[in-house]
Amino acid sequence: MRGINFVTAGALMLMGGIVIYDALRLGIGWGTEGPQSGFFPFWLAAILVAISMMLLLQTLLQRSEKPFVTGERFVPVLKVLGPLAGFIVLTDPPGPWSGLGLYVAAGLYLGFYMRWVGRHDWRAVVALSLGIPVITFLIFETWFLVPMPKGPVETWFGY
Amino acid sequence: MGLENLLLGFQIALTPTNIFIALIGILLGTIIGVLPGLGGANGVAILLPLTFTMPPTSAIILLTSIYWGALFGGAITSILFNIPGEPWSVATTFDGYPLAKEGQSGQALTAAFTSSFVGAFFSIVLITLFAPLLAEVALRFGPPEFFAIQLLTFSSFVGLGGGNPLKSLATILIGFILSTVGLDIVTGQLRLTFGFTDLMKGFDFIVAVIGLFGVGEILLSVEEGLRFQGAKTIMNMRVVLDTWKILPRYYRTFIRGSIIGFWMGFKPGGATPASFMSYAFAKRFSRHPERFGKGEIEGIVAPETAAHAAGVAAILPMITLGIPGSPTAAVMLGGLIIWGLQPGPMLFIDKPDFVWGLIASMYTGNVIGVIVVLAFVPFFAAILRIPFAILTPLIIVICAIGSYAVHNSMIDIWYMLIFGVIGYIFKKLDYPLAPLVLALVLGDMSENALRQSLIMSQGSLAIFFMRPIAAVITALAIFFFLLPALTPWLRKVRGLATRVAAPTHD
């Protein structure tokens with residue numbers, strides 16, 4: 001717990017420093033139209049740096065043997081984060097490559113997670129990873145008209 | 001004058017379309033409230049993009065109905081599964097779960113929903129009475145007064161929020177800093193973008209809410225290895241009517257809970273302390289305090305009444321001052337801006353149909369709500385029996401859709417992931433998330449109020465102390481900010497005083 005508290009306070013201080021750097025570039029004083037662009041961010045960041053220093057001190061003084069998270073309890077967290085990142089990349093990877101679209105990626109993601117973590121029956125996996133994307137597609141694309149990233153499969157169906 | 005306006009509001013709220021919208025909202029909201037990782041704020045944020053094309057009054061009715069539903073849904077998980085869906089349902093688990101384990105879940109749920117309804121109704125009546133008055137006062141406010149009120153809003157997180165005041169301050173500052181990223185509309189300069197075009201749009205509060213509250217909550221619950229093992233529900237008309245026969249006995253608790261809830265609720269972060277306070281009072285004044293914690297109905301009535309009174313009261317400062325009293329109200333306030341409305345007292349003059357339609361819909365929404373939850377409890381409870389390996393990716397996909405829909409941009413889904421990790425770490429380290437979201441929503445408004453105040457005074461901060469209303473509010477805000485630092489000192493002074501005074505007693 002102490003370590004991660006320390007890192008967090010340090011990260012906040014770094015964030016404050018970066019903001020101050022940019023605020024100074026923008027000007028923190030009085031311009032022709034009142035306070036300059038950097039005025040508000042500068043003072044916010046200055047207080048943040050002061051507070052993160054106090055948080056660092058507080059962490060140094062505190063004794064806590066409790067770990068932030070044990071390895072065994074952290075595995076399920078990574079098992080959520082990993083496939084989630086995979087799902088986003090499959091939907092539409094950053095860069096010039098085109099992805100599979102959100103619905104296909106969602107189906108694959110759902111099926112993968114159900115099988116890998118939940119060890120569900122293959123029939124349930126296939127049924128839900130086909131059914132849920134179709135239902136969400138109908139709700140969002142046809143009912144609420146909210147467009148999601150689409151890929152070759154949707155194009156093939158004429159969307 | 002208030003009555004005609006309310007009638008006008010009912011004409012809007014009672015159209016078949018708006019009743020249907022309220023019903024859908026309540027159903028969705030209750031599901032959202034029941035599901036882990038999808039609280040009120042997050043649920044409203046995900047569905048906000050769906051309302052962009054709706055008329056504003058119908059849109060706000062949908063969002064507020066989701067909010068009522070989520071408030072009701074929190075009670076279901078607390079009582080049947082001993083899992084408080086929201087921090088203010090923690091106190092409900094004390095007596096709700098023991099009662100459910102005895103096989104009295106129907107009674108416990110009926111008591112909870114009825115109390116919620118009573119608390120909410122009390123607050124709605126007070127909002128109907130006070131909102132126009134408060135708006136009238138607020139019409140005379142200038143930028144210094146608004147900035148002072150915003151200071152007061154955030155100071156109450158630091159001074160009254162409990163927890164580590166430094167951490168509360170830090171999250172407030174992070175929220176404000178994130179809100180300054182992107183184009184500064186006053187000077188036309190790009191701030192904190194460091195040449196990245198993706199940062200030019202800034203950080204949207206909707207994405208932050210979905211990440212921090214949605215994904216963060218899911219990460220936390222898989223880490224804790226939550227398994228839902230619920231009590232069985234027996235719910236029928238007979239149980240409901242039998243419980244309603246007992247409830248009037250606790251009229252004192254209802255009244256006390258409502259007043260505590262309303263009083264705490266229109267200040268930010270008030271619902272949770274209100275529920276605990278109401279519980280504590282009920283226990284102290286009870287003739288059987290020893291029964292509390294073992295399945296006493298009054299122990300459900302007290303926190304539920306207060307939590308809902310507070311949840312509804314959070315709407316009052318949102319519509320009159322443009323300052324939300326809770327994260328969910330903050331998301332709705334963001335919605336108002338997106339629909340092209342200017343939150344604040346001018347709404348009562350410019351858009352009376354919107355304001356009164358909203359107020360009237362609070363009556364209809366809560367009536368529909370209590371009927372729907374009483375009728376469909378088994379259905380809502382069944383949702384929690386869906387295996388978590390299906391629920392987890394499903395909720396995450398819905399969160400991703402909600403994030404993408406805000407600006408139709410992939411980067412927002414990545415932001416959602418990053419905010420999710422931050423939310424998980426912050427929750428574990430006790431950095432409060434609500435102030436961050438509020439600061440992100442209010443950031444632009446606060447900065448404008450500060451700028452305009454400083455322009456009025458030629459750059460002198462004295463303006464916040466020279467105008468009488470602003471001075472009182474600023475002083476109060478400073479007091480709250482310093483309260484955590486003063487408390488040990490005050491205690492010492494008082495401690496010394498008692499020590500000095502002690503010998504005179506003997």
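**Figure 1. Helix 10 and helix 11 of chain B run roughly antiparallel to each other.** In this predicted model, helix 10 (residues 251-265) of chain B packs against helix 11 (residues 271-285) of chain B at an angle of about 155°. Angles over 145 degrees count as roughly antiparallel, so this pair falls in that class. The axes lie 9 Å apart, and helix 10 of chain B passes helix 11 of chain B in a right-handed crossing. From helix 10 of chain B, look for B:Thr253, B:Arg256, B:Gly257, B:Ile260, B:Gly261, B:Met264 and B:Gly265. Helix 11 of chain B answers with B:Ala271, B:Pro273, B:Ala274, B:Met277, B:Ser278, B:Phe281 and B:Ala282. Sorted by class, this contact has eight nonpolar, five polar and one charged residues.

**Figure 2. Helix 5 of chain B packs on helix 16 of chain B.** Here the angle is about 175° and the axes are 9 Å apart, so helix 5 (residues 90-139) and helix 16 (residues 352-383) of chain B are again described as roughly antiparallel. Helix 5 of chain B contributes residues including B:Phe113, B:Phe117, B:Phe121, B:Ile124 and B:Ile127. Among those on helix 16 of chain B are B:Met362, B:Tyr363, B:Asn366, B:Val370 and B:Leu374. The residues of this contact divide into 15 nonpolar, three polar and no charged.

**Figure 3. B:Gly365 is a buried glycine in helix 16 of chain B.** A residue counts as buried if 20 or more other C-beta atoms lie within 10 Å of its own; B:Gly365 has 30, so it is buried. Setting aside neighbours within four places in sequence, B:Gly365 is in contact with B:Ala22, B:Ile26, B:Thr64, B:Ser65 and B:Trp68.

**Figure 4. Chain A meets chain B through 53 residues of chain A and 45 residues of chain B.** On the side of chain A that touches chain B, at least two residues each come from helix 1 (2-26), strand 2 (34-35), helix 2 (39-61), helix 3 (71-91), helix 4 (102-116) and helix 5 (122-143) of chain A. Helix 2 of chain A gives the largest share, 11 residues. By class, this side of chain A has 39 nonpolar, 10 polar and four charged residues.

**Figure 5. A closer look at helix 2 of chain A and what covers its buried residues.** At 1.5 Å a residue, the 23 residues of this helix should span 33 Å, and its end C-alpha atoms are 34 Å apart, which agrees. Its buried residues are A:Phe39, A:Phe40, A:Pro41, A:Phe42, A:Leu44, A:Ala45, A:Leu48, A:Ile51, A:Ser52 and A:Leu55. Their cover includes helix 1 and strand 2 of chain A, along with helix 7 (165-180), strand 2 (190-191) and helix 19 (434-456) of chain B.

**Figure 6. A:Arg119 and B:Gln458 are loop residues with positive phi.** Most residues other than glycine have a negative phi. A:Arg119, in the loop between helix 4 and helix 5 of chain A, has a phi near 50°. B:Gln458 sits in the loop between helix 19 and helix 20 (463-466) of chain B, with a phi of about 60°. A:Arg119 counts as exposed, with 10 C-beta neighbours inside 10 Å; B:Gln458 has 9 and also counts as exposed.

Methods
Residues are numbered from 1 along each chain as its sequence is written. Chains are lettered from A and ligands numbered from 1 in the order in which they are written. This is a predicted model: local features need pLDDT of at least 70, side-chain atom pairs count only at pLDDT 80 or more; totals for chains, interfaces and linings use all residues. Axes are lines fitted to C-alpha atoms, for helices over the stretch in contact, and angles run from 0 to 180 degrees between N-to-C directions. Helices (H or I, at least four residues) and strands (E, at least two) are DSSP runs, numbered from the N terminus. Angles under 35 degrees count as roughly parallel, over 145 as roughly antiparallel, 65 to 115 as roughly perpendicular and the rest as oblique. A crossing is left-handed if the near helix is turned anticlockwise from the far one by less than a right angle, and right-handed if clockwise. Two residues are in contact if their C-beta atoms, placed from the backbone, lie within 7 Å. Ala, Val, Leu, Ile, Met, Phe, Trp, Tyr, Cys and Pro count as nonpolar, Asp, Glu, Lys and Arg as charged, and the others, Gly among them, as polar. The expected span of a helix is 1.5 Å times one less than its number of residues. A residue is buried if 20 or more other C-beta atoms lie within 10 Å of its own, exposed if 12 or fewer, and partly exposed in between; C-beta atoms are placed from the backbone.
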